[in-house]
Amino acid sequence: MDLHLSKAEPTPEEREAIEALVGAPQSRDTHTAAGGRAARAQRHLLLPALQAVQSRVGWISEGALTYLCARLTVPPAEAYGVVTFYALLSTTPRPKRVLHVCDDIACRCKGAEALCTELERTKSDTLVLRSPCLGLCDQAPAALLTVAGAEPVERLFGDVTVARAKQVLKGEVPDGATRLPLPQAGDASLRLLRRVGVADPASLDDYRARDGYVALRRAIEIGPADVIREVTDAKLMGRGGAAFPTGRKWDAVAKQTVRPHYLVCNADESEPGTFKDRVLMEQDPFSVVEAMTVAAYATGCERGFIYLRGEYPLANERMLHAIRAARARGLLGQNIMGRPFGFDIEIRRGGGAYICGEETAVFNSIEGYRGEPRNKPPFPVEVGLFGKTSRHSSTCSRFSGSVALPTLPSARPARAARGSFVCRGASRGRASTRCRSALRCASCSTSPAE
Ligand SMILES: Cc1cc2nc3c(=O)[nH]c(=O)nc-3n(C[C@H](O)[C@H](O)[C@H](O)COP(=O)(O)O)c2cc1C
Ligand code: FES
């Protein structure tokens, strides 16, 4: 690709942040796009790399963007379109410390306007920015502190007073432990939230002692078709807002013959006033991992992504821990529970864009494009993640058919599944029956039929 790059160079810090993610270059000449197809296949690293620079330096300079464009073979205009799409990224210099103060509905009712006005006129090295809902409405008013550096800090905290915020502006770092928003914690009638406030969210053993992984074991016993039947019979519905029948979606995904299938868990949750997913991820993260694994088993997904809201640092930390712990015990990876079934999960963080919760905008965001919704049809069940196949290759040798939004059953036997976390799957490839024959893998040029 003929890239027209500026002469701006990255700083050593920016270069280091980018290379930690995309690897060291073969040549130090940043004005030559080397790697061709292999570099283009890494386009999906664009947003994570931009986030790495942002959290290392506090903003993204022209030099950093230019270097990233050269490394990933992305036209600068496209990369600029991506970086300016996300509220948590900045292309103008910012101080390392930024306090994002929510002035959205719930926080406004709890005095956020006066809080913001007071903080905006307080002199400090910390930049104060107003923010839309931070998903901590139960503890309004809320704020998110980000401190850029080699060891970046992110803290979401609530019950913010002027006095407390001023301490933060002076350099204090709040602990970021969110309060438990569940008065009924421990109530035996709870289903989806029954472990919240009861189980240790960092302990896989504790999770297992409370029926954790019973659902996956049972799913593997009865097989994918029966799991889908159970989910359908249980009338499990999606939690994304449309109450779509989960069983129908899983069934459509499972029937797609081309591979791979992807599972995407929609944890973007940016609707003002909404924090249902945050509570699950912070308080019962293993249930999200297990439920994704059940969904993957039923629908034949090999790889899963959690698209996790950028403003949820604690949820990110706990989900990361849960994924690593599950992997270490053979509950993710190859031969899960000793069976010929492999599945793994990767977290992708949002960059502060409400629209990215829309099902196809998530795909664009993960793929390294502006998080704008795609036209439908084709629907995600036909053309999902990495649907623009020419832009992705990685290890694929075939493009899959479709998949769409498997919703997570709560972690219990599928028969009892009800009320769920929002999860969805997708496959890559323009592989509807209409266009399957036109497909060619970007890395090996085989078509799905071959
Ligand atoms: C502007 C917009 C934002 C959305 N944000 C979210 C979101 O944050 N989380 C979510 O699960 N669904 C969101 N949705 C709905 C998704 O497009 C999709 O319908 C949903 O994730 C399907 O999952 P389900 O079948 O489990 O309900 C959004 C839709 C629109 C139009
Ligand atoms: S309205 Fe402020 S955190 Fe939701």
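Why does A52 count as buried? A52 has 23 C-beta neighbours inside 10 Å, so it counts as buried (20 or more other C-beta atoms within 10 Å of a residue's own make it buried, 12 or fewer make it exposed, and anything in between is partly exposed, with C-beta atoms placed from the backbone). This is a predicted model, in which local features need pLDDT of at least 70 and side-chain atom pairs count only at pLDDT 80 or more, while totals for chains, interfaces and linings use all residues. Residues are numbered from 1 along each chain as its sequence is written, and chains are lettered from A and ligands numbered from 1 in the order in which they are written.

A52 sits in helix α3, residues 46-57 (helices are DSSP runs of H or I with at least four residues, strands are runs of E with at least two, and both are numbered from the N terminus). Setting aside neighbours within four places in sequence, A52 is in contact with A17, I18, A20 and L21 (contact means that C-beta atoms, placed from the backbone, lie within 7 Å).

On to the chain as a whole. The protein chain comes to 16 helices and eight strands, and of its 450 residues, 51% count as buried. Among contacts between residues at least 6 apart in sequence, 73% join residues at least 24 apart.

One open sheet has four strands in the order β2-β1-β3-β4, with mixed pairing (two strands pair if DSSP finds at least two bridges between them). The edges belong to β2 (127-131) and β4 (153-157); each has a single partner strand, so one side of each is left without a neighbour in the sheet. On average, neighbouring strands of this sheet are turned by 15 degrees against each other, direction ignored (axes are lines fitted to C-alpha atoms, for helices over the stretch in contact, and angles between N-to-C directions run from 0 to 180 degrees). Strand β1, residues 97-102, runs parallel to β2 and is joined to it by five bridges; L99 has V128 of β2 as its bridge partner.

L99 turns up again around A143. Not counting residues up to four places away in sequence, A143 touches L99, H100, V101, C102, F157, V160 and A165. Together with L68, A143 has the most contacts inside the largest nonpolar core, which has 115 residues (such a core is a set of buried Ala, Val, Leu, Ile, Met, Phe, Trp, Tyr and Cys residues joined through C-beta atoms within 7 Å). Helix α14, residues 285-299, supplies the largest share of this core, 10 residues.

Strand β6 (residues 301-308) has seven of its eight residues buried, so it is largely enclosed by the rest of the structure. Seven bridges pair β6 in the parallel sense with strand β5, residues 261-267, and A267 stands opposite L308. Strand β7, residues 344-349, also runs parallel to β6, over six bridges, with I345 as the bridge partner of G304. From β6 the chain crosses through helix α15 (residues 313-328) to β7 in a right-handed β-α-β crossover (with the strands pointing away from the viewer, the path from the first strand over the helix to the second runs clockwise).

The buried residues of α15 include P313, L314, M319 and I323, and their cover includes β4, α9 (204-209), α13 (276-283), α14, β6 and β7. Just after α15, G330 takes a positive phi of about 75 degrees.

Conventions: Contact = placed C-beta atoms within 7 Å.
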